[in-house]
Protein chains: 2
Amino acid sequence: MNRPLFEAVPNFSEGRDEGRISRITAAVRDVGNVGVLDLHSDPDHNRSVLTFAGGEEAVLEAAVALARACADEIDLAAQTGQHPRMGALDVLPFVPLEGATLEGAVGLARKAGERIGSIGLPVYLYEAAATAPHRRNLADVRRGGYEGLAARIEDPRWRPDFGPQELDPRKGAVAVGARRFLVAFNAYLDTGDVEVARAVARQVRERDGGLPGVKALGLKVGGRAQVSMNLTDLEKTPMPIVLEAVRSAAAERGASVASTEVVGLAPLEALVQIARHYLKLQKLETGHVLEARLWETR
Amino acid sequence: MNRPLFEAVPNFSEGRDEGRISRITAAVRDVGNVGVLDLHSDPDHNRSVLTFAGGEEAVLEAAVALARACADEIDLAAQTGQHPRMGALDVLPFVPLEGATLEGAVGLARKAGERIGSIGLPVYLYEAAATAPHRRNLADVRRGGYEGLAARIEDPRWRPDFGPQELDPRKGAVAVGARRFLVAFNAYLDTGDVEVARAVARQVRERDGGLPGVKALGLKVGGRAQVSMNLTDLEKTPMPIVLEAVRSAAAERGASVASTEVVGLAPLEALVQIARHYLKLQKLETGHVLEARLWETR
């Protein structure tokens with residue numbers, strides 16, 4: 001396995017109708033050479049998150065097929081749900097995996113954006129793929145949502161990067177982006193006091209001068225204070241560094257970490273970093289993991 | 001990937017002649033559907049260790065092809081080297097991997113033994129595949145080595161399990177066995193005193209009342225005291241339990257663990273156990289590792 005691998009994590013605006021969801025997912029599977037890793041449908045938000053991966057060409061074709069299927073299956077004008085959205089296919093981030101770079105994901109996002117534009121959907125590039133600084137942040141790109149889009153698309157600062165410069169109200173617009181792999185890592189504290197979790201979150205997150213690539217919020221989940229984090233740069237800030245910072249910030253407030261959890265997937269490299277840190281393990285790499293070696297040889 | 005996978009780790013008595021080594025290895029590759037994970041040739045010992053893996057049928061065919069190639073390429077009567085050995089193909093252990101059991105590996109070892117016997121090599125089954133308790137330990141099976149084999153094969157307690165009941169001096173005999181996957185895990189102490197490493201080894205190893213599945217020796221390596229371990233049952237004794245026992249036994253003697261290393265491969269499950277232990281990580285399984293999920297879908 002030497003060719004670079006990419007992951008796509010499209011969010012589309014259908015989370016209730018199983019027939020539609022399975023036809024949209026089938027469009028991705030039918031392309032071949034992509035693996036569907038996960039599908040999470042949320043009826044309250046009326047929204048699904050699909051995760052698939054493969055080589056560049058296959059992921060590109062699958063993403064375009066997905067955009068077409070979403071446009072065919074979903075009428076956004078009739079859709080309701082709690083989650084902010086602006087399109088039938090709402091958000092389409094590409095993520096570099098094994099052997100791939102963020103630059104490669106940007107290239108893939110732009111190719112996908114152009115193709116999706118050519119099938120008639122307005123496309124906004126965001127995050128690492130953005131064409132202007134004010135379009136990097138997804139929340140900014142999506143501000144006002146579907147309802148505000150008709151006015152916004154006329155604003156010269158918010159012309160789509162690809163596709164029609166006017167809106168089909170049934171389809172909305174698509175945000176296509178590139179970002180690093182993100183690990184959702186939560187630490188539960190041995191307290192029910194959400195203020196402790198909030199203070200710990202402020203102390204560890206990048207925005208407030210904490211650790212690079214760490215986003216954090218303090219929440220109360222099932223009666224327990226939780227520091228809910230997204231780790232966006234494991235190279236700069238591996239999980240053990242995050243955990244020890246959380247432990248120390250909690251200890252300053254008389255609390256400790258009762259347990260942690262990873263939501264969704266973690267890359268093998270994250271586990272290797274953990275082993276290196278806590279075992280003072282020299283020279284361990286992902287290539288020393290039996291299964292990784294096995295899979296390489298196939 | 002639902003079919004059980006097995007690994008074979010044959011040791012053969014050629015570690016110098018690259019042409020012979022590559023022809024022997026090619027015999028394995030030519031079978032197809034096996035992945036060659038590692039080849040380590042040692043000119044001093046005049047011996048090579050090959051690691052390959054795949055489904056049961058493919059591993060069986062590759063092992064038989066390997067035995068035939070070793071018999072063709074190696075003249076043991078002309079071979080010299082420091083390592084104890086009794087055959088051209090000397091030792092052939094089978095190891096259960098994903099989805100496979102030790103019982104499955106025993107079945108595979110017995111089939112391979114029968115087939116290798118039928119091509120004219122005396123076969124002794126050992127470890128989990130042994131047909132009598134006194135034949136379980138490889139060191140006992142191989143005692144006296146090649147030089148003692150001619151006499152030994154006449155001893156009723158040491159008749160081969162398969163193949164000719166007499167010796168071809170150019171080929172010797174083969175020990176075919178089944179064992180669990182083994183992690184070679186070493187801890188370096190912050191002392192040069194090998195007696196500390198020996199005392200720690202005695203305290204942690206199963207043989208002297210320590211941890212299940214842990215074999216340990218105290219050595220001096222590069223001027224440093226090293227606790228050299230084989231971990232044969234990660235289910236009962238995960239790596240963090242081993243390390244913490246070594247740390248505590250070393251601390252009782254005023255020493256600490258400076259670093260650790262894994263020699264060869266470690267299974268993914270070992271890394272998951274480490275993450276669970278040191279991060280108090282709930283619910284993490286190998287299925288939550290991105291690459292494992294990717295590889296599953298292929």
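**View 1. Surroundings of B:S256 in the predicted model.** B:S256 touches B:Y188, B:L189, B:D190 and B:A250, where residues up to four places away in sequence are not counted and contact means heavy atoms within 4.5 Å. B:S256 is located in the loop between α7 and β11 (257-263) of chain B; helices (H or I, at least four residues) and strands (E, at least two) are DSSP runs, numbered from the N terminus. With a relative accessible area of 34%, B:S256 is partly exposed; buried means under 20% relative accessible area, exposed over 50%, and partly exposed in between (1.4 Å probe, protein chains only). B:R202 is 54 residues away from B:S256 along the chain, and the C-alpha atoms of the two are separated by 16 Å.

This is a predicted model, in which local features need pLDDT of at least 70 and side-chain atom pairs count only at pLDDT 80 or more, whereas totals for chains, interfaces and linings use all residues. Residues are numbered from 1 along each chain as its sequence is written, chains are lettered from A and ligands numbered from 1 in the order in which they are written, and side-chain values use heavy atoms, with hydrogens and water left out.

**View 2. Helix α6 of chain B and its packing.** Helix α6 (residues 194-204) of chain B has as its buried residues B:V194, B:V196, B:A197, B:A199, B:V200, B:A201 and B:V204. These buried residues pack against β8 (183-189), β9 (214-221), β10 (224-231) and α7 (239-251) of chain B. The N-terminal end of α6(B) is capped by B:D193, a side-chain oxygen of which lies 2.9 Å from the backbone nitrogen of B:E195. An α-helix has 3.6 residues a turn, so residues three or four places apart point the same way.

**View 3. B:T25 within helix α1.** B:T25 belongs to helix α1 (residues 18-29) of chain B and is buried, with a relative accessible area of 4%. Its side chain reaches the backbone oxygen of B:I21 at 2.8 Å. A polar contact is a pair of N or O atoms within 3.5 Å; within protein, one must be able to donate a hydrogen and the other to accept it, and residues adjacent in sequence count only if both atoms are side-chain atoms. Leaving aside neighbours within four places in sequence, B:T25 is in contact with B:L39 and B:L50.

View 4. A:N46 has a positive phi of about 50 degrees although it is not a glycine. A:N46 is in the loop between β3 (34-42) and β4 (47-55) of chain A, where it is buried at a relative accessible area of 5%. In chain B, phi of B:N46 is likewise positive, near 50 degrees. B:N46 lies in the loop between β3 (34-42) and β4 (47-55) of chain B and counts as buried at 5% relative accessibility. Most residues other than glycine have a negative phi.

**View 5. Relation between the two chains.** A rotation of 179 degrees with 0.1 Å of shift along its axis superposes chain B on chain A (RMSD 0.2 Å), by least squares on the C-alpha atoms of residues with pLDDT of at least 70 in both. The two copies are thus related as by a two-fold rotation axis. Within chain B, the C-alpha nearest the axis belongs to B:L271, at 3.0 Å from it. Both copies use the same surface, as 100% of the contact residues of chain B recur in chain A.
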